Amino acid sequence: MTVKDVIEEWLKKIAAAESMPQDIVAVNIGMFESDNGYGVYMCGFKEYDGEDDDWTCKPEYEPREKYLMLAGRGFESMVWETLLHQMILALKEILESGCASVRHFFDGRIVTAGFDEDKLFRVK
């Protein structure tokens, strides 16, 4: 499975199981590396600051399936820069032309992505 396939399936599950509160204006898709491989998580926020990534320090929305571990899916040999690049491209494609329920879930919200302790990239 590609990064896009795995992320889209995860986001479909979240969008089908719950709705995001109306006051959430921005969502960050964070990434991290662990002993077991790469992980991805999603958090929502009531405020966004394009000049300072510290806006992601206090999440105000966390879906029940907040985490997705990418271990064992062919990702273990991928360097983090490659995963980041593929994640950004996948999210842009999903949010522009992917599943309608996922597009609706993120409608009207800013979406960023990036590895913990690194720069965030705005994808929507």
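## Ground rules

We're looking at a predicted model, where local features need pLDDT of at least 70, side-chain atom pairs count only at pLDDT 80 or more, and totals for chains, interfaces and linings use all residues. Residues are numbered from 1 along each chain as its sequence is written, and side-chain values use heavy atoms, with hydrogens and water left out.

## Overall build

The protein has three helices and five strands; helices (H or I, at least four residues) and strands (E, at least two) are DSSP runs, numbered from the N terminus. Read from the N terminus, the order of elements is α-β-β-β-α-α-β-β. The radius of gyration comes out at 13 Å, close to the 14 Å that the globule rule gives for 124 residues, so the protein is as compact as a globular protein of that length. That radius is taken over C-alpha atoms, and the rule is 2.2 Å times the number of residues to the power 0.38.

Along the principal axes, the C-alpha atoms fill a box of roughly 40 × 30 × 25 Å. Of the 124 residues, 45% are buried, where buried means under 20% relative accessible area, exposed over 50% and partly exposed in between, with a 1.4 Å probe and protein chains only. As for contacts (heavy atoms within 4.5 Å), take those with a separation of 6 or more: residues 24 or more positions apart account for 63% of them.

## How α1 meets α2

Helix α1 (residues 3–17) and helix α2 (residues 80–97) have axes that come within 9 Å and cross at roughly 55°. The axes are lines fitted to C-alpha atoms, for helices over the stretch in contact, and angles run from 0 to 180 degrees between N-to-C directions. The two helices are therefore oblique to each other; under 35 degrees would count as roughly parallel, over 145 as roughly antiparallel and 65 to 115 as roughly perpendicular, with the rest oblique. The crossing is right-handed, meaning that the near helix is turned clockwise from the far one by less than a right angle.

On the α1 side, the contact involves V3, K4, I7, E8 and L11, which meet L83, Q86, M87, A90, L91, E93 and I94 of α2. Sorted by class, that makes eight nonpolar, one polar and three charged residues. Here Ala, Val, Leu, Ile, Met, Phe, Trp, Tyr, Cys and Pro count as nonpolar, Asp, Glu, Lys and Arg as charged, and the others, Gly among them, as polar. D5 also lies in helix α1 and is partly exposed at 32% relative accessibility. D5 and C99 are 94 residues apart in sequence, yet their C-alpha atoms are 11 Å apart in space.

## Strand residues

C43 lies in strand β2 and is buried, with a relative accessible area of 4%. Not counting residues up to four places away in sequence, C43 touches A26, V27, N28, P59, Y61, E62 and K66. M31 is twelve residues from C43 along the chain, with 11 Å between their C-alpha atoms.

Over in strand β1 (residues 26–34) there's S34, which counts as partly exposed at 27% relative accessibility.

## Two loop residues

R64 sits in the loop between β2 (37–45) and β3 (67–69) and is exposed, at 64% relative accessible area. Leaving aside neighbours within four places in sequence, R64 is in contact with A17 and E18. R64 and E18 are 46 residues apart in sequence and 8.5 Å apart C-alpha to C-alpha.

E117 belongs to the loop between β4 (110–115) and β5 (121–122), and it's exposed with a relative accessible area of 84%. Its backbone is worth a look: phi of E117 is near 65°, a positive value in a residue other than glycine. Most residues other than glycine have a negative phi.
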